[in-house]
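Trainee: I've just opened this one and could use a guided look. Can we go through it together, starting with the whole and then picking out some details?

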Amino acid sequence: MTTQVSPKINSLGDWASLAFKKYFYKTLKHEAEVLKDQDPEQLHQMRIGMRRLRFAAKGFRPVVALPKAAKNQRIGKIAHCLGGLRDLDVLLEALENQYKPNLPTSEQVELDKALQKLLKQRHQAFKKVQKILGHQSYLMYKQKFQEWLDNPIYKDVSQLPIQGVLPDLLLPEISQLFLHSGWLVGVEKENLETSDNHNFLLQKTNSKYQVIKINNDISAINISDAEEERLHSLRKEVKRVRYQMSLFTEFYGSTYEAYLKDMKELQEYLGDIQDSAIIRKFLENIWHTNIEKVLPNLVMQLKHSREKALRKWQVLQRRYLNIQVRQNFRSELLRPLK
């Protein structure tokens, strides 16, 4: 059942509308500059707006009745197209400005060949962005979303006070994050009779405790392709939680802000791990060979970047495999400010 009456002040519906308005207008603000294709930051900001709008549409699905043309799936298609172009921009920027200046001349020449191919891929990706932003479906999405903002349609649950339902919105998201298998990438397990070590998750089995230990020797961690994919999937979950939490910062205090900061850093470090793998795979697809032979110094730089990101990731991995940290996080979400 849906209604077209305005929700109570400070209601769940209020905050849904505020989130949609903020991120919808953020995307529109950067659209014209994205089509000019002169400043990569414009694309980055529009992509962020679309991503956050998408997560808001998903998170507030029980609260609002969006028109079909403005639902999560439509937003996701547009965001995916923008993301493809943005990913190429990130790859180009990293190779050109982060890695190339530190290479010997011979490797810079070889890398330039890869950069030319990357620029061709980017040209094709930009044409796709131009096409989707000029398509009738995108114009209809903007029209319908604006109509909804002008005259929002809510579901009955929208009338509930926001403070009373925040835990119900946030806790399922956190639970899904904590249950992700990506947290266990690069860990070792061993059974001990007892353990007073509270730095790890403990599970009692037949009077024994299974203790999860993290391998601190970065060079010894051999992450398979499947494990790389698990970390990539974990990053998506972290990003979803971060965007959801960021909608409600004024209802919590400094502890909440600290957890949100952790989510931002987790997203960054897991992204850095993934970027190193993406660059290597891209270059291997160009030369169809082991790139240690063609770009040995670049390979070494990629290895160091990956190890640096892994070290940073492991600090937060260890923190969030701590059962007390998890319990404290859940408890914080149960106590929004009045």
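Trainee: Okay, what percentage of the residues of the protein count as buried?

Mentor: Keep in mind that this is a predicted model. A residue counts as buried when its relative accessible area is under 20%. Going through the 338 residues of the protein with that cut-off, the share that counts as buried comes to 48%.

Trainee: Now the largest pocket: where does it lie relative to domain 1 and domain 2?

Mentor: Check who supplies the lining. Domain 1 covers 7-159 and domain 2 covers 161-337, and both give residues to the lining. The largest pocket, with a volume of about 1,700 Å³, therefore lies between domain 1 and domain 2.

Trainee: Which helix gives the largest share of the lining of that pocket?

Mentor: Several helices each supply at least two residues, including H2 (40-59), H4 (105-134) and H8 (254-287). The largest share is 15 residues, and the helix it comes from is H3.

Trainee: Let's zoom in on Glu31. Is it buried or exposed?

Mentor: Glu31 sits in helix H1, which runs over residues 12-36. Leaving aside neighbours within four places in sequence, Glu31 is in contact with Met46, Leu133, Tyr138 and Lys142. Its relative accessible area is 11%, and the cut-off for buried is under 20%. So Glu31 is buried.

Trainee: Gly13 is found in helix H1 too. What is the distance between the C-alpha atoms of Gly13 and Val157?

Mentor: Gly13 counts as buried, at 0% relative accessibility. Along the chain, Gly13 and Val157 are 144 residues apart, yet the separation of their C-alpha atoms is 8.0 Å.

Trainee: What is the phi of Asp37, roughly?

Mentor: Most residues other than glycine have a negative phi. Asp37, in the loop between H1 and H2, is not a glycine, but its phi is positive, at about 55°.

Trainee: Which residues is Glu292 in contact with, leaving aside its neighbours within four places in sequence?

Mentor: Find the loop between H8 and H9, where Glu292 has its place. Glu292 is partly exposed, because its relative accessible area is 32%. With the sequence neighbours left out, the contacts of Glu292 are Arg280 and Val299.

Trainee: Last one: how far apart in space are Lys281 and Ile291, C-alpha to C-alpha?

Mentor: Lys281 lies in helix H8 and counts as partly exposed at 43% relative accessibility. In sequence, Lys281 and Ile291 are ten residues apart; in space, C-alpha to C-alpha, they are 9.5 Å apart.

Note on methods
Residues are numbered from 1 along each chain as its sequence is written. This is a predicted model: local features need pLDDT of at least 70, side-chain atom pairs count only at pLDDT 80 or more; totals for chains, interfaces and linings use all residues. Side-chain values use heavy atoms; hydrogens and water are left out. Helices (H or I, at least four residues) and strands (E, at least two) are DSSP runs, numbered from the N terminus. Buried means under 20% relative accessible area, exposed over 50%, partly exposed in between (1.4 Å probe, protein chains only). Contact means heavy atoms within 4.5 Å. On a 1 Å grid over the protein atoms alone, a cavity is a set of points where a 1.4 Å probe fits but cannot get out, and a pocket is an open set with protein on both sides within 12 Å along at least five of seven lines; lining residues have an atom within 4 Å of a point. Grid points are joined across faces, edges and corners, and a volume is the space filled by probe spheres set on the points. Domain bounds come from an automatic or database domain assignment.
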